[in-house]
Amino acid sequence: MSMKVFEKIYHRAAERKGSEVALKAKLSQPLSTASLLALSDDQWLEEFTRKIFQSGFYWAVVDNKWDGFREVFWQFSIEKLLMMSPEMYEQRSQDERIIRNAKKVKSIADNCHMIFEVQQQHGRFSEFVANWPEDNIVGLWLYLKKHGSRLGGNTGPYALRVLGKDTFLLSKDVETVLRAEEIIDGGLQSQKSLQATQQFFNEMRQYSGLSLQELSQIVSMSVGDNIR
């Protein structure tokens, strides 16, 4: 990818938003490594769970139920949840304080154990995420998909974004640009497409000095219905 491609995308996004100043005002930054390290591992489990339940469902309904989720699952305490039996999870999947979906509730147990296994190797899950290199962020996506439960597709990446890990997102608008620029031509989530997309964002980051998060937002705002 040439510098001209980045400049074209950037200036198109700025024009659509009214000016470079207006575009920059809409960009958000990822957390610093220090701030990521300050997150508790319980927070990661909670956000993974929230995104899993939001997937294919009305986000507002999930948010309205979230206090109930936190009560039923002990504030997502990994230490406590590791002690829960499958029968206890099954019982809680029918609790009226939460959205009753047994398969998604089971993912809490699975992801709790994934985080625990990472803790055995890295000390803390937050440290594992904070130290993961952004120039291979798709590798972290694939780790979550392989070792976690229901964290494939956009679910894992959206959780990373919400808690501040620098990542791009494969939204519909981003996909439109990737295909228009012939960065990808096959399935969006194929290994070939993910690696090509990572290289695309790595090169833009090198040219611009911006974060993956900012670049992803710029790419998204350069097309679609999000004009001003």
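Here are some notes on this predicted model, going from the whole chain down to single residues.

1. **Ground rules.** Residues are numbered from 1 along each chain as its sequence is written, and side-chain values use heavy atoms, with hydrogens and water left out. Since the model is predicted, local features need pLDDT of at least 70 and side-chain atom pairs count only at pLDDT 80 or more, while totals for chains, interfaces and linings use all residues.

2. **The whole chain.** You'll find 15 helices and 0 strands here. Both are DSSP runs numbered from the N terminus: helices are H or I with at least four residues, strands are E with at least two. The C-alpha trace spans about 55 × 35 × 35 Å along its principal axes.

3. **Inside and across.** Of the 228 residues, 49% count as buried (under 20% relative accessible area, with exposed over 50% and partly exposed in between, using a 1.4 Å probe and protein chains only). Take the contacts (heavy atoms within 4.5 Å) with a separation of 6 or more: 68% of them join residues 24 or more positions apart.

4. **Two helices packing.** Helix α11 (residues 137–147) packs on helix α14 (residues 191–208) at an angle of about 145°, with axes 9 Å apart. Axes are lines fitted to C-alpha atoms, for helices over the stretch in contact, and angles run from 0 to 180 degrees between N-to-C directions. From α11 come I137, V138, W141 and L142, and they meet Q191, L194, Q195 and Q198 of α14. By class, this contact has 5 nonpolar, 3 polar and no charged residues (Ala, Val, Leu, Ile, Met, Phe, Trp, Tyr, Cys and Pro are nonpolar; Asp, Glu, Lys and Arg are charged; the others, Gly among them, are polar).

5. N111 sits in helix α9 (residues 102–122). Is N111 buried or exposed? N111 is buried, with a relative accessible area of 0%. Beyond its neighbours within four places in sequence, N111 touches L45, I52, G148, S149 and L151.
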